[in-house]
Amino acid sequence: MESLTQPPKLQSSISLAFFSFAAVFLVFSLLLVVLRWRRWCTCDICCAYMSSSWADEGFENLVDWHAHLLRQSPTRTIHIHVLGNTITAEPATVEHMLKTRFDNYPKGKTFSSILGDLLGRGIFAVDGDSWLFQRKMASLELGSVSVRSYAFQIISGELRHRLLPLLSSVANSPHQAGSCSVIDLQDVFRRFSFDTICKISFDVDHRCLELGQPLSEFAVAFDKASRLSASRALSPSPLVWKLKRLLNLGLEKELRRAIRLVDVLAREVIRQRRNGGASASGRDLLSRFLGSTDDEQYLRDIVISFLLAGRDTVASGLTAFFFLLSKHPHVEAKILEDISRATARGGIEDETCEEGGVSKEREPTFEQLGRMEYLHAALYESMRVYPPVQFDSRFAVEDDILPDGTFVRKGTRLTYHAYAMGRMEEIWGEDCLEFRPERWFDKDGVFMPQSPFRYSVFHAGSRICVGKELAVTEMKSVVAAVVPRFRVEALVDGPTPKFASGLTASIVGGLPVVVRARHPTECRSG
Ligand code: HEM
């Protein structure tokens, strides 16, 4: 009889013990959070941060408030004690953190634990030898002529067969009296950059931008996994999301499911490739990395990091660019001149219509893109004003002293603020708040690159973005194909967009735009 009655008792004691443990853990975590907040100062910055009063003071975004504080600080460095975060917009400090004392400021455990479940041992989440190995491999591959020309071919195909026909169909859709078809350009660019980076990385076409196609399972799962991973950073304390993960609750449960799906689908592609299912091109990054490791999980981690790196950053940069262009028609006119000069063509009247209502002649070659210096400057300028990665952090391994004399305690989070740096008069002059591509040229009209410690949009030092050239080529290709054909009008009130929190800058609610064909004879489908 005993043996029949004991197991349920045992079970209920185990559940009771488990729930008591969970409850104690939860209370303890909350206590820690409160203590952490209370322990520190009641300085103005911390109070404003805690009460979100910066929003009442008229700042549209948290980053605008940071930029305001950093501009006021004599050292261009501030401390948000309640977060243990030291934020800087001083180029000498950025150089100290990302180059001079590189070894003292790794990504650290906090960052790798936030993204670790999705990225595993991928380049973004690791430090040390594993990072160095992937860094060398990535620089070699992304710098190779073969991968570059493959990537350019992918971008051109996605433009010709998907993006331009889509815009053409919107521009040509019958408009009601007084109203036009409105699309979310941010969403369009996200789909475009996801298709592109998946083809470059895996040689798999997810067709996210194809008219009338639902998003692929992989695209949905990847989007969810990256969004939910990033939202961990918003927890008042890492203990909160870690506890939820332990108990498999709420968003952590959804995140686990999304990551599982990403894993299954990514592994499937890798397995097929290993078993001889060669990609059509053999020039995608996965094909090239296959030879460097037998570890399937590691390969998955490497390639997933590329997807994260190349998707939202490019989409964010393009979205902000078209927002700014819509508000600066004189810049748009100069870009049109630049494209026309670089491609050395006549007026658009000469052009013929081709498949999908898209004229072939206007697609610039790689060499022609290289000659578009004004467009190059305009893209750099738009990312100065609205960087896709607004700020980025590292964690001090040992106590340190910054060049301005600021003491940094071991474990402190040190953040460089690319968004605020773009708003510093000492770096960009009195007109730093203006969108002015001309600032990138010297008096002879030659493009002047800036030190990455001043223009930190692509990071700086040893971990500077390895996909920078690819990103700029992709963005230039899009602008050079879209702007001569369409006039894009952003329907956003106010001088600046409202940004959502996340790893990359994205506009809350997207970027609604109206697209109009630039010329009456612009090719019409059908
Ligand atoms: C406008 C577009 C882009 C911007 C603004 C950008 C910016 C950045 C930034 C700020 C970092 C440093 C992140 C960190 O370490 O915390 C970074 C790293 C990186 N980026 Fe980009 N990126 C862009 C596009 C791309 C693309 C298209 C790719 C590749 C396909 C790429 C690949 C990488 C990789 C692999 C790293 C890690 C480098 C390392 O840790 O050594 N990026 N990027």
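**Helix packing, sheets and confidence**

Reply: Gly-317, Ala-320, Phe-321 and Leu-324 of α15 are in contact with Leu-379, Ser-382, Met-383 and Val-385 of α18. Two residues are in contact if their C-beta atoms, placed from the backbone, lie within 7 Å. Helices (H or I, at least four residues) and strands (E, at least two) are DSSP runs, numbered from the N terminus. This is a predicted model, in which local features need pLDDT of at least 70 and side-chain atom pairs count only at pLDDT 80 or more, while totals for chains, interfaces and linings use all residues. Residues are numbered from 1 along each chain as its sequence is written.

Me: At what angle do α15 and α18 pack?
Reply: Helix α15 (residues 312-327) packs on helix α18 (residues 373-385) at about 100°, and their axes are 9 Å apart. Axes are lines fitted to C-alpha atoms, for helices over the stretch in contact, and angles run from 0 to 180 degrees between N-to-C directions. The two helices, α15 and α18, are therefore roughly perpendicular; that label covers 65 to 115 degrees, with under 35 counted as roughly parallel, over 145 as roughly antiparallel and the rest as oblique.

Me: Turning to the sheets, in what order do the four strands of the mixed one lie?
Reply: The order of this open sheet is β1-β2-β7-β4. Its edge strands, β1 (77-80) and β4 (391-395), each pair on one side only. Two strands pair if DSSP finds at least two bridges between them. From one strand to the next, the twist averages 25°.

Me: How many bridges join β1 to β2?
Reply: Four bridges join β1 to β2 (residues 85-88), and the two strands run antiparallel. Ile-80 has Asn-85 in β2 as its bridge partner.

Me: And the three-strand sheet, what is its order?
Reply: That open sheet has the order β3-β11-β8, with antiparallel pairing. The edge strands β3 (182-184) and β8 (486-490) each pair on one side only. The twist averages 40° from one strand to the next. Five bridges link β8 and β11 (residues 512-517) in the antiparallel sense, and Val-488 stands opposite Val-515 in β11.

Me: Which helix lies across β3, β8 and β11?
Reply: Helix α9 (residues 185-202) does, running at about 50° to β3.

Me: Lastly, what is the mean pLDDT of the protein?
Reply: The mean is 86, and 85% of residues reach 70 or more; pLDDT is the predictor's confidence in each residue, from 0 to 100. Over residues 1-6 pLDDT stays under 50, and the model has zero contacts there beyond four places in sequence. Residues 346-356 also have pLDDT below 50, yet this stretch has 16 contacts in the model beyond near neighbours in sequence.
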